[in-house]
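Please take a moment to look over the sequence and the model shown here before reading on. The paragraphs that come after are meant to be read with the structure in view.

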Amino acid sequence: MPVTSRQRVVVMSQPFPDPEHEAGRRGAEALAAERGGHLPWCGPAAVALASGCSYARACDLLRAASPAHYPATGEIVTAYWRDVVAALGMAGVRCTPLPLSDLPFAGRPTLLGLARRGGLEPGLYLVRVTGHFLLLRLHGFGLAQLHDNRLSGAVLTARTHGRCRVSHVARLGRALPAQG
């Protein structure tokens, strides 16, 4: 059927989600719905999105990773890098930290610089930028999408955390099944 000048066709192009990872199948909206419409905190949100677990389970994993750092109940507002990495490991997500010194930058790169000139392979990464956790899905050729506590598959631009400085980065993958 031909399109007339009064009709507008909108084509949404979303890359198929990587079946190895949760990010892309569920987003910030689902996490907010679990919390009665309230915006989730970024640390537990990163764990929930990367592992496929609920937001409440992500908080429990963070508590199990470091009981001394978090209250036994209630909100987890501030999470630590080592605890997020440990929680992902307990959830069956392999998390391979990449030292920033191994990347082709002097100092801490911006998130946009990391995506475009970091030399990273396409895939899913856990990233800590200026006080915030997020998942970055690199597609190659500088194209990347963000998944965090408020963005679900947003294309990385200067306005979507692109100018934030990266302090930590880790490649994510499924953990191998236990042998034995």
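What follows goes from confidence in the model to its helices, cores, strands, aromatic rings and cysteines.

This is a predicted model, in which local features need pLDDT of at least 70 and side-chain atom pairs count only at pLDDT 80 or more, while totals for chains, interfaces and linings use all residues. Residues are numbered from 1 along each chain as its sequence is written, and side-chain values use heavy atoms, with hydrogens and water left out.

The pLDDT is the predictor's confidence in each residue, from 0 to 100, and its mean over the protein chain is 84, with 83% of the residues reaching 70 or more. Where pLDDT is low, the predicted coordinates should not be read in detail.

Helices (H or I, at least four residues) and strands (E, at least two) are DSSP runs, numbered from the N terminus.

How many residues make up the largest nonpolar core? There are 30, of which V47, L62, V84, L88, L126, F133 and L172 touch the most other members. A nonpolar core is a set of buried Ala, Val, Leu, Ile, Met, Phe, Trp, Tyr and Cys residues joined through side-chain atoms within 4.5 Å. The largest share of this core, 7 residues, comes from α2. Leaving aside its neighbours within four places in sequence, L88 is in contact with residues including A46, V47, L126 and L172. A second, separate core of 21 residues includes L103, L111, L134 and L138.

Turning to the strands, β4 (residues 143-147) and β5 (residues 152-155) run antiparallel and are joined by 3 bridges, where two strands pair if DSSP finds at least two bridges between them. A hairpin of 4 residues connects β4 to β5, and H147 has S152 in β5 as its bridge partner.

The structure also holds 2 aromatic pairs. Rings of Phe, Tyr and Trp (its six-membered ring) pair if their centres lie within 6.5 Å, and planes under 30 degrees apart count as stacked, over 60 as edge-to-face and the rest as tilted. Y70 and Y80 form a tilted pair, 6.3 Å centre to centre with 50° between the planes; Y70 counts as buried at 7% relative accessibility, whereas Y80 counts as partly exposed at 35%. W81 and F133 form a stacked pair, 6.2 Å centre to centre with 10° between the planes, and this pair links helix α4 with strand β3 across 52 residues. W81 is buried at 15% relative accessibility, and F133 is buried at 1%.

Finally, the structure holds 0 disulfides, a disulfide being a pair of cysteine sulfur atoms within 2.5 Å. For C59, the nearest cysteine sulfur is that of C53, 8.9 Å away. C59 is buried, with a relative accessible area of 6%, and C42 is buried too, at 13%.

Key. Buried means under 20% relative accessible area, exposed over 50%, partly exposed in between (1.4 Å probe, protein chains only). Contact means heavy atoms within 4.5 Å.
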